[in-house]
Amino acid sequence: MALFRLDGRRALVTGGSKGIGRAAAQALAELGASVTLAARGEEALREAAHQIPGSHWVVADVSTPEGVRAALEAAGEVDILVSNAGGPPPSLPSEVTEEGWQRGFETTFLSTVRLAQGALPGMRARGWGRIIAVTSLTVGRPALNLPVSNALRAAVTNHLRTLALEVAADGVTCNTVAPGYTATDRLKALHADPAQAAALATRIPARRFGEPREVGAAVAFLATPEAGYITGQELLVDGGWSI
Ligand SMILES: NC(=O)c1ccc[n+]([C@@H]2O[C@H](COP(=O)([O-])OP(=O)(O)OC[C@H]3O[C@@H](n4cnc5c(N)ncnc54)[C@H](OP(=O)(O)O)[C@@H]3O)[C@@H](O)[C@H]2O)c1
């Protein structure tokens, strides 16, 4: 039998219309999974679904319980959950407002908790499931200007490690993929000055930004049957930055 196939598996990829989420959806589809993309903006969803064979899409804001419910309902029985969304805006730690913390908590942390909660009963009943959250290399290596991301992605990581303990015997794995600097719209927004972006790239051991497809491939690998004994782990895709 061919390695790394996902034929017959159903995946839900939130934040699936752009960047890393879209690349993960593409990789899962290439391995044979049928994929539902969820995001807030309809136009980008349509465009992404057009490029990803056999994919479906749903407009859903995963920072709300209603949005999570809509995404899960549209996806049906989910075997592979990829929890991903936009990152919190940059600011200094002392300047994050109460509202900024709340928004980050809902978008980054509660979205993953709720999505996993909704997908788990079916996964456990079928004895097979993959829960994968896209986090960041800033887990354990905090970036000064991303305090909300630093705090809440660490929370996501430890939540999935704890959940992994509970569900490992049910055939369900829980892991995180932690990207380093990856050439997406978010990176372009955070590092809009080309000279600054080039200077940053020279500090990465690989001397370049990652490609979204390189992070997407790591997500897809963790979803495969061959990765069934990997759980509670963080897979860094960062060109060597964390070394
Ligand atoms: N790129 C990097 O260098 C890098 C590095 C480390 C970590 N990360 C993290 O990896 C994740 C993905 O990053 P990216 O660079 O691929 O970002 P991106 O290009 O901005 O894409 C974000 C995706 O998430 C969707 N989204 C945002 N908020 C959402 C919400 N509330 N509900 C549903 N969908 C939502 C967006 O579509 P809509 O806006 O239409 O909803 C879009 O599809 C982010 O959390 C980011 O912080 C990225």
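Helices here are DSSP runs of H or I with at least four residues, strands are E runs of at least two, and both are numbered from the N terminus. With that in hand, helix 6 gives the most to the shell around the ligand, with 3 residues.

A word on the basis: this is a predicted model, where local features need pLDDT of at least 70, side-chain atom pairs count only at pLDDT 80 or more, and totals for chains, interfaces and linings use all residues. Residues are numbered from 1 along each chain as its sequence is written, and side-chain values use heavy atoms, leaving out hydrogens and water.

Now the ligand. There are 27 residues around it, and Ser-17, Ile-20, Ala-85, Arg-153 and Thr-184 come nearest (a residue is near if one of its heavy atoms lies within 4 Å). The table shows N or O atom pairs within 3.5 Å, the cut-off for a polar contact.

| Residue | Protein atom | Ligand atom | Distance |
|---|---|---|---|
| Ser-17 | side-chain N or O | oxygen | 2.7 Å |
| Gly-86 | backbone N or O | nitrogen | 3.4 Å |
| Thr-182 | backbone N or O | oxygen | 2.8 Å |

Taken alone, the ligand exposes 880 Å², and the protein buries 91% of that (Shrake-Rupley areas, 1.4 Å probe).

Then there's Asp-79, in the loop between helix 3 (65-75) and strand 4 (80-83). Asp-79 counts as buried because its relative accessibility is 7%, and buried means under 20% (1.4 Å probe, protein chains only). Its side chain reaches the backbone nitrogen of Arg-10 at 2.8 Å, and a polar contact of 3.2 Å joins the side chains of Asp-79 and Arg-126; within protein, one atom of such a pair must be able to donate a hydrogen and the other to accept it, and residues adjacent in sequence count only if both atoms are side-chain atoms.

Conventions: Buried means under 20% relative accessible area, exposed over 50%, partly exposed in between (1.4 Å probe, protein chains only).
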